[in-house]
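Subject: Structure handover

Hello,

Here is the structure I said I would pass on. My notes on it follow below.

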Amino acid sequence: LGLALYASGLCVVSGTAFLYHDYCVIGAGPSGLQVAYFLQQASRDYIVFERSHAPGSFFALYPRHRKLISINKQYTGKSNSEFNLRHDWNSLLSHDHRLLFRHYSRDFFPNADTMVHYLEDFASLLKLRIQYNTAIIHVTLERDRQAWNGHYFLLTDQDRQNYKCSSLLVATGTWVPNVVNFPGSEYVEGYETVSIKPEDFAGQTVLILGRGNSAFETAENILGVTNFIHMVSRSRVRLSWATHYVGDLRAINNGLLDTYQLKSLDGLLEGDLEDLAIVKDKKGKLHITLRFYLENRNTSAGIDSITLPQDELDNFATRAPYDRVIRCLGWKFDFSIYNRSLKLMPGKGNKKKYPQIKPSYESRGTRGLFVLGTASHSVDFRKSAGGFIHGFRYTTRAVHRLLENRHHGVPWPSTIYPITQLTNSIIKRVNEASGLYQMFSVLADIILLRENATAFEYLEEYPVGVLAELEVQTGRKAPNGLFVVILEYGRNFSGADKDVFYYNRAVGEAQHAWQSNFLHPVIYYYKHLPTEREMRLRPPDWPLPHPDAIHHIVEDFLTDWTAPNAHILPLRRFLENCLSTDLRNFFAESCFLFAFTRQKLPPFCRQGYMRMQGLLGSQGLRHHAAEAGLLEDHTLTDLLGDRPPDSHEGSQDQLLRDHVIPVRPLQHLVNAKDE
């Protein structure tokens with residue numbers, strides 16, 4: 001039996017044996033483990049290739065100074081696990097509550113070694129199928145019309161073992177150091193190898209190339225022992241609290257900004273690194289000059305024969321020699337193992353360190369090749385959290401759902417509700433959902449309306465970049481219009497040059513909700529599914545095309561959008577205007593009255609009261625209704641039988657006159673039901 005099973009997974013192509021799997025995953029980092037979990041839960045045929053002896057090998061080395069900048073918030077004041085993931089940036093998604101990162105560390109910024117331990121447990125406890133010590137060194141295509149995507153992926157490892165897959169999921173991250181070559185760059189030490197012992201820098205003068213978190217992390221480590229530190233990069237420093245992008249400089253590492261602005265010798269400079277040159281003198285000191293000074297000169301000549309900038313400009317900023325120059329320029333994707341037939345190309349501009357992919361995370365050049373995790377960050381670079389665990393755990397799940405529909409006929413998960421639950425469903429999701437919260441402007445909930453708006457179908461966390469392809473990608477139909485629920489920051493609130501602490505920066509009134517700056521829910525209404533052309537022509541910085549109607553729920557200091565008047569009531573009225581229906585909730589007395597006085601009942605009465613559904617009245621419920629202002633106090637006396645027996649005359653008229661329930665937000669009804 002074992003031989004038979006082995007043979008079933010063995011293919012022979014042109015005399016070469018290939019081990020076959022439906023899905024091949026390259027890399028057992030966080031995104032590789034995450035997609036392996038979803039594939040295993042769906043009972044799919046997959047294998048994960050990991051070049052190291054354990055998962056998460058990147059975290060075994062980086063960050064060099066071992067402190068992560070992903071927060072691990074232990075307490076939120078709530079027990080809702082989905083809500084708590086909004087403030088847990090390290091856990092992967094699974095059904096096993098033991099695999100929440102808070103069980104591994106209580107530190108707000110955990111140690112990287114703890115992440116390595118966590119990923120090892122995630123792989124072992126869930127029994128994920130990972131083949132360690134397997135470095136994939138070459139990937140190419142084999143055309144075959146019978147294959148899922150019109151071709152197979154052929155992989156070769158370091159031992160010349162060959163593998164064949166129908167779908168390839170690349171989860172290798174970005175791990176190749178960015179290097180800038182200029183005259184004298186051989187004197188530069190890399191972040192990946194530089195000493196992390198502060199005592200090795202005692203009394204030294206240091207120049208750091210780069211201005212990201214790795215550069216400031218390195219500076220923070222040696223700030224107290226150096227003579228001074230200078231930092232140079234082509235762009236200005238970007239503070240994460242101003243850009244609202246977690247990949248920009250975080251406060252935990254920005255001590256050098258204090259020492260720079262408070263005149264304590266350290267400093268920041270802007271300049272193109274490719275224009276620099278480094279010359280080493282006889283004492284081993286490193287002098288910074290400009291490349292054009294060395295043109296047509298012998299670079300091996302002594303420093304006395306080379307013109308330095310300070311020879312012409314005696315106050316040149318970097319005229320003091322340095323003891324060490326450290327390169328901290330981040331990483332890029334490794335394209336070297338992919339054959340040209342895959343057409344896996346680098347992005348353009350500041351996205352050139354990532355491969356080109358579609359908003360569906362599929363390669364632009366090859367169908368069936370998906371890029372996951374940090375390497376997929378080109379979709380939302382400098383916009384959302386797709387390059388980090390707390391973001392790509394959700395985009396990875398979205399990719400798995402797309403694959404389930406494409407290859408196995410499993411539609412995108414959805415739930416059908418009566419239209420009366422529309423307001424409540426939206427309010428619940430915007431207050432709890434972690435995927436919407438972390439992947440703002442990228443993932444959205446889609447509400448597909450049924451005919452005559454009697455019901456709706458709710459799809460969670462769909463990539464909005466492929467909204468035009470929704471019917472093909474999800475297996476769901478949208479013939480009657482749709483709502484898109486997404487979270488956004490204000491249009492002009494984020495940026496490296498923005499003052500995000502200015503006075504009156506927050507909006508508090510519902511009528512000004514469209515001016516909200518902080519993260520807040522936005523609901524788009526479309527009578528028809530947007531086309532691909534409309535998606536291409538959408539306004540700059542808009543995640544979606546112009547809708548038929550749009551509603552902003554006003555920002556909230558507590559990110560708690562449950563205020564009856566400020567949040568729920570305006571939302572309900574917006575939905576009613578879009579659907580031309582009444583979404584209010586009524587007590588039985590009002591439905592009873594409407595049944596005799598109206599030709600068309602509100603949906604709540606039609607779907608509830610007329611079908612003999614709802615809550616039975618009780619003294620406690622009516623007392624609560626009176627306290628909430630839903631019923632007049634004197635009606636309680638009538639209804640609870642406190643009147644003398646002979647006082648029932650006119651009670652029916654009183655019922656019809658007084659029991660038209662003034663509409664209040666749904667929260668009151670929820671409380672009433674709880675009572």
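Of the 675 residues in the protein chain, 53% are buried. Please keep in mind that this is a predicted model.

The overall picture comes first. The protein chain holds 20 helices and 23 strands. Its exposed surface comes to about 32,300 Å², and 49% of that is supplied by carbon and sulfur atoms. Among contacts in the protein chain with a separation of 6 or more, 65% are between residues 24 or more positions apart.

Next, a pair of helices. Helix α2 spans residues 30–41 and helix α9 spans residues 389–408; their axes are 9 Å apart and the packing angle is about 35°. The crossing of α2 past α9 is right-handed. On the α2 side, the residues in contact are Pro30, Ser31, Gln34, Val35, Phe38 and Leu39. They meet Ile389, Phe392, Arg393, Thr396, Arg397 and His400 of α9. Sorted by class, this contact consists of 6 nonpolar, 4 polar and 2 charged residues.

Arg476 sits between α12 (470–474) and β21 (482–488). Leaving out residues up to four places away in sequence, Arg476 touches Pro411, Trp412, Pro413, Ser414, Leu448, Glu457, Leu459, Leu470 and Glu471. With one of these, Glu457, the Arg476 side chain makes a side-chain polar contact of 3.2 Å. Pro413 is 63 residues from Arg476 along the chain, and the C-alpha atoms of the two are 9.4 Å apart.

Regards

Key. Residues are numbered from 1 along each chain as its sequence is written. This is a predicted model: local features need pLDDT of at least 70, side-chain atom pairs count only at pLDDT 80 or more; totals for chains, interfaces and linings use all residues. Side-chain values use heavy atoms; hydrogens and water are left out. Axes are lines fitted to C-alpha atoms, for helices over the stretch in contact, and angles run from 0 to 180 degrees between N-to-C directions. Helices (H or I, at least four residues) and strands (E, at least two) are DSSP runs, numbered from the N terminus. A crossing is left-handed if the near helix is turned anticlockwise from the far one by less than a right angle, and right-handed if clockwise. Contact means heavy atoms within 4.5 Å. Ala, Val, Leu, Ile, Met, Phe, Trp, Tyr, Cys and Pro count as nonpolar, Asp, Glu, Lys and Arg as charged, and the others, Gly among them, as polar. Buried means under 20% relative accessible area, exposed over 50%, partly exposed in between (1.4 Å probe, protein chains only). Accessible areas come from the Shrake-Rupley method with a 1.4 Å probe; for residues, only the protein chains shown count as cover. A polar contact is a pair of N or O atoms within 3.5 Å; within protein, one must be able to donate a hydrogen and the other to accept it, and residues adjacent in sequence count only if both atoms are side-chain atoms.
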